[in-house]
Amino acid sequence: MNPTLEAFSLLMAVSSIALYALAFIVFALDLGTRAAPAAEAAPAAASVGIGSTAVLAPPAPPSTALPSITRWGRVGMALTVIAWLLNATAVITRGVSVGRVPWANMYEFALTAVAIIVGVFLLAQFWRRLSFLGAYVTALALLSLVLATVNFYVDATPLPPPLQSVWIVVHVFVAILGTAFFALGAGLSVVQLLQARRTTKGTGLKFLQTLPGAETLENLAYRLNVMGFVFWTFTLIFGAIWASRAWGRYWGWDTKEVWTFIIWTIFAGYIHARATRGWRGSRSAWLAIIGFAAVLFNFTIVNLFFKGLHAYSGL
Amino acid sequence: MTDSSRPSDSSRPSDHIDAPEPGKITQPRLGFVGYLRFFWRQLTSMRTALFLLLLLAIAAIPGSLVPQVTSDPNGVIQFKDKNPGITPVLEFFQVFTTYSSVWFSAIYLLLFVSLIGCVIPRTKHHLDALRARPPKTPANLSRLEGFTTRTVEVDAETAIESARKLLRRQGYRTERYAPGSPGQAGLSVSAERGYLRETGNLVFHTALIGVLLGVGIGGGLGFTGQRVVVEGDAFVNGLGSYDSFNPGRFLDEQSLVPYSIRLDSFEPVYEETLTSNAIGQALDYTANVTTTVGTGEPEKATVKVNYPLPIGGTEVYLLGNGYAPVLTVRDPEGTVVFSQPTAFLPQDANLFSLGVIKLPDGLDEQVGIRSLLYPSAVELDSGALASSFPDLLNPVLTMEVYTGDLGLDNGAGTNAYVLDVSSLTEIAGRTADAPTIRLGVGDSIDLPNGLGSVELSEIPRFVSFDVHYDPAVPWVFTFAILVVAGLLTSLFIPRRRVWVAAVTNPDGSVTLEYAALARGDDPTLPRAVTAIADEHSQGLGLRVDS
């Protein structure tokens, strides 16, 4: 064990919190100051010109294109990249300081999970312009890191015998990857619901006007959630293999197993909902959000208050 | 694209998003068979599957809130003690055995019936589709996805034949349609690929049934047994030898392979660096054993956490460990009346442990001893003892001694780890004249009232082994792999139909129409059509319009 490196890791983690906070502020400002694109603003202005006999111009069909990144969005992205680099450094040095994977307790899990969630978010920018999720992702990162550092910080200790297995690398890493995709999917689903409400009620947050229609958002959310579901399936199966090595049975309805199963079932329901008439749209979006809420519940409440086999090393 | 433009697919449940929109409902009178059919259709509908899935998720929650008999039997006992009011209600609803309860079983069985009812007709339909020709080219391709046109200077026959070859190379199954056939305006090729998507979907759902059957059958044919073994002792794989034994319903108890496992030594490794913040933490556990299968030769082996020992078709797991002090009790004449190890239950990470010794025979009175072991004893400021390290650096054993009726003679089962002192008299300890007894290894002390003496002879370690036998594990594993394989193919292989139709223009050139249709989500479809159109038309020599 290397206490100096461990202290350095904590310093990096705290620094990344500061930068995530900055990035969040910038992303929030970006959303707050976004104006409606010209295409949507123009017809509204025209109808005013006609005067009292105005016929309401039909609302422009929802766009399917994602907005290009704004100047503030770029600043937010840059800050997020720096925050992520600090975060990743904290993860790596924590692991090196104790010579094992850095996800053996709640603090480390949160630290690594935030790094992977933000990492997937950053990589996703090469796939689609999802910078409008920046405020959501940095807020999630900020909250998780603050809570983990303040409440769950523990000194780095070696792995107890039950955790000494290659499966801790595979099982936990895949679970975090699944969580990352579910997190992004849930963010898109929230925006989708806001967008759908704006479309039906005609009112809503202003920045939504710059975003594509609810259906486009839903399709993006679906593709992320499906990735999450695949990783979650692997989490279940790898967990079962590990359980059969460590505990002597591949499935035993341990509280954490139960909740992993519940989450899997919710997202299986979500995928079915997408293929069920009357359930596509806002209803399936709610399922995705409930599913991600269950993931968070599984990590926090189940770890802290439910008795089970997944409790090692104090927390 | 709206739902109504999707092709009808009779194999799917009627409320599947790919199924045709229901028309105006005219309700005919249903006979008995009609009602059966109606309920079957309801059970196998997407909406029911969705409802049952979500119900299953909700139904699994209570079992995580209340301890379960299977995973936490002691927790169940404690819970019942603490909540006597609600216990009968929970027992009535089988909440302590949620996952084998009637209501939980009903939900997943209905779900699987619904699943089977969905999978069977779809399998049949899919097998037909695998043999069928790609469907006729729709009359109006411009309504479909990715519609695009190219104009080329070759005749229709050449263009369509080269399109067919191109699509074949890309893994499409192709069929040419000539103008003569009904509904076909011109020469065209119809192509379809991605049958694996539906295959994967069916494999996924069928394999889930396999997993469920494997879990059920394996549980029925197997067994689990627990046994505490002290260093130097052995146990045999037989019914009477286990401390607890849970056979599956269909286990043939004669079929247990006769083997014995002797615990030669148990070697824990603890963090010893004084400056470490993990001092005392276990770093490794190794149980060195000698195994003998049947009449074979003894063999040396090790059992570690995460590395079970396979033997005689079973797996032997190292699950717990602790100390089993050997106490030797002599009567006043010096005759040994008791001398054996007693497993003490560890109470904390430094193996401060609690043990109970019951001596119903041999001494003038029945004697019960409640004993605490401090492997590395330190005295706290309060004068109380504590253990500061899990190894035996300074072992101290304390004993509170009771006399009276131990309640072992009336035939009622008692917990070996609990001493009920309510009808006993304390003769050494906090409420007695004589103080609590303290012993180091090798120490001996006289018991009060001239009962005899007790000696702490040695402190060997014990381990608890779990022995598991589940013949269905390879099957469950195989089906789990099929589940994943089916899931991946059903989610990521696109199922596409692509059409290329040729329209001969008055000037002799040919306009080629390209369009496609996806089954399920397929966001890259328009791009794929454009790519096909580009490759195809460039191969033919695209006419450049002025």
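Reader: Which residue in β8(B) is the bridge partner of Glu267(B)?

Author: Thr286(B) is the bridge partner of Glu267(B). This is a predicted model, in which local features need pLDDT of at least 70, side-chain atom pairs count only at pLDDT 80 or more, and totals for chains, interfaces and linings use all residues. Residues are numbered from 1 along each chain as its sequence is written, while chains are lettered from A and ligands numbered from 1 in the order in which they are written.

Reader: What makes β7(B) and β8(B) a pair?

Author: Two strands pair if DSSP finds at least two bridges between them. Here 11 bridges join β7 (259–270) of chain B to β8(B), and the two run antiparallel. The strands themselves are DSSP runs (E, at least two residues), numbered from the N terminus; helices are runs of H or I, at least four.

Reader: Why are β5(B) and β9(B) called edge strands?

Author: The open sheet has 4 strands in the order β5-β7-β8-β9 of chain B, with antiparallel pairing. β5 (234–236) and β9 (299–304) each have a single partner strand, so one side of each lacks a neighbour in the sheet. Neighbouring strands of this sheet are turned by 30° against each other on average, direction ignored.

Reader: Why is α8(B) called roughly antiparallel to α9(B)?

Author: α8 (195–221) of chain B and α9(B) pack at about 160°, with their axes 7 Å apart. Angles over 145 degrees count as roughly antiparallel (under 35, roughly parallel; 65 to 115, roughly perpendicular; the rest, oblique). So α8(B) is roughly antiparallel to α9(B). The axes are lines fitted to C-alpha atoms, for helices over the stretch in contact, and angles run from 0 to 180 degrees between N-to-C directions.

Reader: What is the hand of the crossing of α8(B) and α9(B)?

Author: α8(B) passes α9(B) in a left-handed crossing. That term applies if the near helix is turned anticlockwise from the far one by less than a right angle; clockwise is right-handed. The contact residues divide into 16 nonpolar, 9 polar and 1 charged. Ala, Val, Leu, Ile, Met, Phe, Trp, Tyr, Cys and Pro count as nonpolar, Asp, Glu, Lys and Arg as charged, and the others, Gly among them, as polar.

Reader: How are α1(A) and α3(A) oriented to each other, and how do you know?

Author: α1 (3–33) and α3 (71–98) of chain A pack at about 160°, with axes 8 Å apart. They are therefore roughly antiparallel. Their crossing is left-handed. The contact has 19 nonpolar, 11 polar and 3 charged residues.

Reader: How many residues of each chain are in the contact of chain B with chain A?

Author: Chain B gives 47 residues and chain A gives 41. Two residues are in contact if their C-beta atoms, placed from the backbone, lie within 7 Å. Among the elements of chain B that supply at least two residues each are α2 (46–59), β8 (282–293) and α9 (473–492). The largest share, 8 residues, comes from α2(B). By class, this side of chain B has 27 nonpolar, 12 polar and 8 charged residues.
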